[in-house]
Amino acid sequence: MKRMLSRMVVASGLLLGSSAVSIAYAADIAVAKPDAAKGEQLYANGDMARGILACASCHGAAGNSTIPLNPNLAAQPHEYLVKQLGDFKSKDGKAPAARRGAGGADTVMSAFAAPLTPEDMQNIAYYLTQQPLAAETAGTASNEATMERGQHIWRGGLPDRNVPACAGCHSPNGAGVPGRYPRLSGQHPTYIAEQLKLFRSNDRANSQEMHDIADRMSDGDIAAVADYAAGLR
């Protein structure tokens, strides 16, 4: 009888211990959850004490950019935004960042992303993913002469050059796939075209998949599909 009681006490202790660990783990998860309010504060105002500039100065209010070379960030997938911010930073402080500009030079984002902590990036991205893409600042298709070619590449790719349909990854309406592929609908066509060329040159080296695809596309292909993608809704 004593042995049974002893075993019950030990078992209860183990269960309580496991519960305590589970509660502590749950608490860690709760603390680690991104904070949209903190993200909005950093996005709109920055933090001069830490050398963080307001993202809104380049990307517009709530992630809606009015500058064609600066992307719309509103409604982009949270995980995607976090990854991109991280890719602007060197992984070890020595090797070049995975996302660079033309000719392999650092982009202005390298300096802007440098003071951001992983928590900052999570918070900013979490805030932006909840913001709607504003119709008045969204990119649009404007080149009627290339519309048919852009649609052909988006929907069917370029089979003779092993270029897959863009819709296969970025979805038929350009909304993207959360966690993997960005939203391209409503993005500025100038920005889309620039990024495809950076993928092609491998200056933007944070996606081997996109490098291989863009490497088989001409300037005309890029311009056509960038314009078409921007007009999707």
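Analyst: An angle between two axes counts as roughly parallel under 35 degrees, roughly antiparallel over 145, roughly perpendicular from 65 to 115, and oblique otherwise. This is a predicted model, in which local features need pLDDT of at least 70, side-chain atom pairs count only at pLDDT 80 or more, and totals for chains, interfaces and linings use all residues. Residues are numbered from 1 along each chain as its sequence is written, and side-chain values use heavy atoms, without hydrogens or water.

User: At what angle do the axes of H7 and H11 cross?

Analyst: Axes are lines fitted to C-alpha atoms, for helices over the stretch in contact, and angles run from 0 to 180 degrees between N-to-C directions. Helices are DSSP runs (H or I, at least four residues), numbered from the N terminus. The axes of H7 and H11 (residues 219–230) cross at roughly 85° and come within 8 Å. H7 and H11 are therefore roughly perpendicular to each other.

User: Which residues of H7 and H11 make the contact?

Analyst: Contact means heavy atoms within 4.5 Å. H7 contributes Met147, Arg149, Gly150, Gln151, Ile153, Trp154 and Arg155, while H11 contributes Asp221, Ala224, Val225, Asp227, Tyr228 and Ala229. By class, this contact of H7 with H11 has 7 nonpolar, 2 polar and 4 charged residues. Here Ala, Val, Leu, Ile, Met, Phe, Trp, Tyr, Cys and Pro count as nonpolar, Asp, Glu, Lys and Arg as charged, and the others, Gly among them, as polar.

User: How do helix H2 and helix H6 pack, and at what angle?

Analyst: For H2 (residues 36–45) and H6 (residues 118–129), the angle is about 95°, with the axes 7 Å apart. H2 and H6 are therefore roughly perpendicular to each other. On the H2 side the contact is made by Ala36, Lys38, Gly39, Glu40, Leu42 and Tyr43, and on the H6 side by Glu119, Asp120, Asn123, Ile124, Tyr126, Tyr127 and Leu128. The residues of the contact of H2 with H6 divide into 7 nonpolar, 2 polar and 4 charged.

User: Now the backbone. Where is asparagine 162 found?

Analyst: Asparagine 162 sits in the loop between helix H7 (147–156) and helix H8 (167–170). Its phi is near 60°, a positive value in a residue other than glycine.

User: Is asparagine 162 buried or exposed?

Analyst: Buried means under 20% relative accessible area, exposed over 50%, and partly exposed in between (1.4 Å probe, protein chains only). Asparagine 162 counts as exposed because its relative accessibility is 56%.

User: What is the phi of serine 171?

Analyst: Serine 171 is not a glycine, yet has a positive phi of about 75°. Serine 171 lies in the loop between H8 and helix H9 (189–201). With a relative accessible area of 14%, serine 171 is buried.

Definitions and conventions
Helices (H or I, at least four residues) and strands (E, at least two) are DSSP runs, numbered from the N terminus.
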